Amino acid sequence: MTQTSGARVLVTGGAGFIGSHTVEALLADGAQVRVLDNLSSGKESNLPLGETSLELIEGDITDRRVVEVAMRDVTHCLHLAAQVSVIRSVEDPVHSASQNILGPVTLLQAAKEQGLEKFVYASSAAVYGDPESLPLAETARLAPLSPYGLEKQVDEQYAALFASLHGVKSLGMRYFNVYGPRQDPASPYAGVISKFVDLLSKNEAPTVFGDGGQTRDFVYVKDVARANVAALFSDHVGVCNVATGATINLLELLDTLRDVLDSDAQAKHVDGRSDDIRHSCGDASRLKSWLGFEPEWTLAAGLQALAAASR
Ligand SMILES: NC(=O)c1ccc[n+]([C@@H]2O[C@H](COP(=O)([O-])OP(=O)(O)OC[C@H]3O[C@@H](n4cnc5c(N)ncnc54)[C@H](O)[C@@H]3O)[C@@H](O)[C@H]2O)c1
């Protein structure tokens, strides 16, 4: 028997990109899963809704009554639902805060009342801002550059406060750049890999801001799903990077993708964005020591799988 069997897990945002892969991993491990999602960007078709161990509640994380109902009889919660766009958080910080601060506080309060065994929630590498040095360990200075990053930092502070005030056990997952199938390339906020794959597979030129020397730590969504499951059933609390510790720059990424997709489309360079962080890389040692986690997917394997899924 795994730790997961017998668990009843609420996944908010479970119809979205990271959520739907994590729901699959939880079901495969024998958990009962309830998804709470307002389907604003998530889709029912991302979920295996025929499974008897899976239930979908269509509703909003900021609605206290809905959250109370969703939390009933649950043993663990993975909170992923959010306003996920950095750009939108700058344009409409009021809406963003209403989702990304009041949402988690509503969930934490319900988690406290339900006496959950574990509350795991999505933080982000955006809490770090422009790094002083790399790789970024969890102890690095936090200096978010957007309302989105600040909201995630505030969520971490609320989670720490609920731990000290009420004993709610939580782990905040600071995801770096997650990629993989079901990330919508049509969204203006999509990750760079899904946009590049979409354009190169149509032999259209992708846009690169600046010289393309920016580096990122890309982590495949199925690895992220495994890390989420491990976090739910681990005794560790606090915050943890979800990263590989390896980086690639955007020009190298494009070269690899051209090979994978058999495309010769060349990049269009436009002026660099002032909000673009030059280098990002997460220290993955806590992820390994706390959650026993090693990435199973190399970037090459993940890109192949994504390209195959996009055909
Ligand atoms: N994808 C990444 O690279 C990345 C990096 C860092 C952090 N994160 C965080 O991980 C989490 C999941 O991100 P994702 O990439 O899977 O995004 P996503 O947009 O695919 O998933 C978010 C899900 O939440 C749902 N949702 C949004 N607002 C809601 C609300 N008010 N009530 C109920 N449901 C709501 C959406 O319908 C969607 O299914 C988010 O908290 C995001 O900030 C993602």
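Guide: A contact here means heavy atoms within 4.5 Å. Keep in mind that this is a predicted model.

Visitor: Which residues does alanine 265 touch, leaving out those up to four places away in sequence?

Guide: Alanine 265 touches Leu200, Asn203, Glu204, Ala205 and Arg258. As for where to look, alanine 265 is found in the loop between α9 (250-261) and β13 (268-270).

Visitor: Is alanine 265 buried or exposed?

Guide: The cut-off for buried is under 20% relative accessible area. Alanine 265 has 7%, so it counts as buried.

Visitor: On to the ligand. Which residues come nearest?

Guide: There are 27 residues around the ligand, and Phe17, Asp37, Leu80, Gln99 and Tyr148 come nearest. By type, the shell divides into 14 nonpolar, 10 polar and 3 charged residues.

Visitor: What polar atoms face the ligand's oxygen atoms, and at what distance?

Guide: For a polar contact, look for a pair of N or O atoms within 3.5 Å. Tyrosine 148 has a polar side-chain atom 2.5 Å from a ligand oxygen. The backbone takes part too: a polar backbone atom of glycine 42 is 2.9 Å from an oxygen of the ligand, and for valine 178 a backbone N or O atom lies 3.1 Å from a ligand oxygen.

Visitor: How much of the ligand does the protein bury?

Guide: Taken alone, the ligand exposes 830 Å², and the protein buries 91% of that.

Visitor: Which elements give two or more residues to the shell?

Guide: Those are α1 (17-28), β5 (118-124) and α6 (147-166). The most comes from β5, with 3 residues.

Visitor: Which α6 residues are buried, and what do they pack against?

Guide: The buried ones are Tyr148, Gly149, Glu151, Lys152, Gln153, Asp155, Glu156, Ala159 and Phe162. Their packing partners include α3 (86-91), α4 (93-100), β5 and β11 (238-242).

Visitor: What happens just after α6?

Guide: Check the backbone at glycine 167, which takes a positive phi of about 75 degrees.

Technical notes
Residues numbered from 1 in each chain as written. Predicted model: local features only at pLDDT ≥ 70, side-chain atom pairs only at ≥ 80, totals over all residues. Heavy atoms only, no water. Near = heavy atom within 4 Å. Polar contact = N/O pair within 3.5 Å; in protein donor to acceptor, adjacent residues only side chain to side chain. Areas by Shrake-Rupley, 256 points an atom, 1.4 Å probe, with all protein chains shown as cover. Helix = DSSP H or I, 4+ residues; strand = E, 2+ residues; numbered from the N terminus. Nonpolar A, V, L, I, M, F, W, Y, C, P; charged D, E, K, R; others polar. Buried < 20%, exposed > 50% of the residue type's maximum accessible area, 1.4 Å probe, protein only.
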